[in-house]
Amino acid sequence: MGIFGDLFSKKKKPRADFSNVRSGGSSTAPTPGVGGPETNATSVTTGRTYVVVSGDSLSKIAKREYGDAQKWPKIYEANRNIIKDPDLIYPGQELRIPEA
Amino acid sequence: MSIHQYARLVVSLLLAVALFGCSASKPAVQTGVKVTNIDVGRSVTADKAIAEKTDSFRSSDTFYVSVKTEGSGPSATLTARWTYEDGQVVDESTQNIAPAGSATATEFHVSKPDAWPAGGYRVEVLLNGTSAGTRDFKVT
């Protein structure tokens, strides 16, 4: 095979799978055609935010963010102004994720 | 036609071609919006600024990029293009904004439920389709 055999036998590094990446965003600027600045769902000034997607639950988010599903009440308490029932969160809701 | 008249005609034609040629290649829509700052980090404040700047993330982190703009315009398009190592696209998100003059901030974020692969990442910010800057960071 020689040098060509070596070249062709090298395995390519498998490509990473980013098919489940979730994205979002927001702005302090108004959107075109809509007057006034963006209104924030919370009055919190610091903290990570997370946009709920279909299939999420507070425990799933807690597991992902903190590595412990049992810490979901921490997220619930930080978002009491927008979460009325911890079993009911909706896609598109922007939750504040307090530091662990 | 004298040599001077002929030369004047040639110069005029060249100028006209140069002027119309340049204006034709400009984008159709010009806005007064410009990107003044790009930061990446792990969290954002309520005013969409990065609260915790870093270029080194954990695999469970959410990546945030905050884009500050100045100027006004009826419509401007901001895009965040996230790529991994050799340019593999991770995500691309776009927001349309209508800044009214004062400084504004726009944040984009991406998360991955099953952890980010370690390595180098880049986020490129585009304003109306034109690159406004990049930031490199890594996941360790």
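**Pairing across the two chains**

Let me start with one residue pair: Ser27(A) has Thr106(B) as its bridge partner in strand 6 of chain B. Likewise, Gly25(A) has Phe108(B) as its bridge partner in strand 6 of chain B.

Before going on, the ground rules. This is a predicted model, in which local features need pLDDT of at least 70 and side-chain atom pairs count only at pLDDT 80 or more, while totals for chains, interfaces and linings use all residues. Residues are numbered from 1 along each chain as its sequence is written, and chains are lettered from A and ligands numbered from 1 in the order in which they are written.

Strand and helix numbers run from the N terminus and refer to DSSP runs, H or I of at least four residues for helices and E of at least two for strands. Two strands pair if DSSP finds at least two bridges between them.

Back to the bridges. Strand 1 of chain A pairs with strand 6 of chain B, residues 100-111, in the antiparallel sense over six bridges. That pairing belongs to an open sheet of four strands, with antiparallel pairing and the order 1(A)-6(B)-3(B)-1(B). Which strands are at the edges? They are strand 1 of chain A and strand 1 of chain B, residues 34-41, each of which pairs on one side only. From one strand to the next, the twist averages 15 degrees; axes here are lines fitted to C-alpha atoms, for helices over the stretch in contact, with angles from 0 to 180 degrees between N-to-C directions.

Next, the contact as a whole. Chain A gives 25 residues to it and chain B gives 35 residues, where contact means that C-beta atoms, placed from the backbone, lie within 7 Å. On the side of chain A that touches chain B, strand 1 (22-27) and strand 2 (48-51) of chain A each supply at least two residues. Strand 1 of chain A has the largest share of that side, six residues. By type, the side of chain A that touches chain B divides into eight nonpolar, 13 polar and four charged residues. Nonpolar here is Ala, Val, Leu, Ile, Met, Phe, Trp, Tyr, Cys and Pro; charged is Asp, Glu, Lys and Arg; the others, Gly among them, are polar.

Now helix 2 of chain A, residues 58-66. Its buried residues are Leu58(A), Ile61(A), Ala62(A) and Glu65(A). Buried means 20 or more other C-beta atoms within 10 Å of a residue's own, exposed means 12 or fewer, and partly exposed is in between, with C-beta atoms placed from the backbone. Seen down the axis of helix 2 of chain A, these buried residues fall within an arc of 100 degrees, so they line one face of the helix; the arc is that of the directions from the helix axis to the C-beta atoms. They pack against strand 2, helix 3 (72-78) and strand 3 (94-97) of chain A. After helix 2 of chain A comes Gly67(A), with a positive phi near 80 degrees.

Chain B has one helix and eight strands. Of its 140 residues, 29% count as buried.

Last, two backbone points. Most residues other than glycine have a negative phi. Ala115(B), in the loop between strand 6 and strand 7 (119-127) of chain B, has a positive phi near 80 degrees. Asn128(B), in the loop between strand 7 and strand 8 (130-139) of chain B, has a positive phi of about 50 degrees. Buried or exposed, what is Ala115(B)? Ala115(B) is exposed, with 12 other C-beta atoms within 10 Å, and Asn128(B) is partly exposed, with 16.

Technical notes:
Two residues are in contact if their C-beta atoms, placed from the backbone, lie within 7 Å.
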